[in-house]
Amino acid sequence: MYSDTECTRRAGNSTRSCQSTSLSSRYVRGCGSNQDLSKRIQSLSSPSISEIIYNNETFPLLAEFLQIHGRESLVGFCAIVIGISNLSADKRQALYAVRAAYRQYVDDESISNSWLQPTTRESIRQQMSQRNFDPYKIFQPAMKDMLKYLKQNFYSNFLSSQLWKNYSNKKQQQQQQQDKRMKVLNASTPKKFNSSISTSTVKSSKQSTYKREILTDFNGNRTLGSTSSMITPIKTPLACFIQNKDVPYMIHLNIPVERVTLGDIKPRIHHLAGKKFDNQTTESHYYFKRRIDPSELCLMNDGVTSMPTYVYEEVDNEDIHTPVPHLDGIIVCKFDFSS
């Protein structure tokens, strides 16, 4: 037996549950308001964080959003991983890119400590120390940590940002214009040709939307504020004289000149030296050409009227915060080695 109060409460609960059930059924059948239905459709059609990164239209938007929030390192690491995957035809260049990315983003815990798991960092360190790794797969675990971190901390805020809203509205307008053109085309085209034309148009639009053409340099230094055009990679010229030869070798580095260090240059120089140079048994010296400061001219003034304008300075520090000298964007180096 139930009291009158208990019966009233039970009846009220059952009434509310029936109302909520019928109301939810209405939305399932499409009888709810248009506003709620549009929100449901928008939530279902939102791309994943991985789809946003690997799309040449949406990645610059996410990069700009992360830069606004002071997360340039996240942008740089994503860009360099994508760039390495596009170097399938040049494994040597991919190895250089992996070493540069490891020093800048993985090994420096102050930069990657917020998103990279300690076990992932230790695994990458072991592979780098053994020097036996696949440059196209070594950063895959780190990229998974990155995607998880972005999804937990920035994904929802990015989809509700004005950057994404402007992009979505623009894509919606483009789709509406395309639908209008298709209607006009279908109206003026015989019926037997309608299906083939519409199919080819849909295929071409999908290919242009999902084609991945993300250009990046090996340190992830990009001007990502602009979303209208792709950025060409940076090329810093390096003229290197090997063992006092008169004609230098000319190579290009995908690093801004003000951030090039000896550690970035040494692997390229050693490769140019070839079999004549053995890193284990020879002593090497690296000299870089630079202008003389006025203060140095005063110290060197010994009565000689003709003073030199340039000098070669030996550099043996491979620290990432110590760039090598350059001349107006061009690096000139002399490499000498002896047994």
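When I call a residue buried, I mean that its relative accessible area is under 20%, with exposed meaning over 50% and partly exposed in between, using a 1.4 Å probe and protein chains only. By that definition Tyr105 is buried, with a relative accessible area of 4%, and Phe77 is buried at 0%.

Before going on, please keep in mind that this is a predicted model, in which local features need pLDDT of at least 70 and side-chain atom pairs count only at pLDDT 80 or more, while totals for chains, interfaces and linings use all residues. Residues are numbered from 1 along each chain as its sequence is written, and side-chain values use heavy atoms, with hydrogens and water left out.

For aromatic pairs, the rings of Phe, Tyr and Trp (its six-membered ring) must have centres within 6.5 Å, and planes under 30 degrees apart count as stacked, over 60 as edge-to-face and the rest as tilted. The count by this rule is nine aromatic pairs. One of them joins Phe77 and Tyr105, edge-to-face, at 6.2 Å centre to centre with 70° between the planes. Because Phe77 belongs to helix α5 (residues 72-85) and Tyr105 to helix α6 (residues 91-106), this pair ties together parts 28 residues apart in sequence; helices here are DSSP runs of H or I, at least four residues, and strands runs of E, at least two, numbered from the N terminus.

Phe77 also pairs with Trp115, and since the centres are 4.9 Å apart with the planes at 45°, that pair is tilted. Trp115 lies in the loop between α7 (109-112) and α8 (118-130), 38 residues from Phe77, and is buried at 3% relative accessibility.
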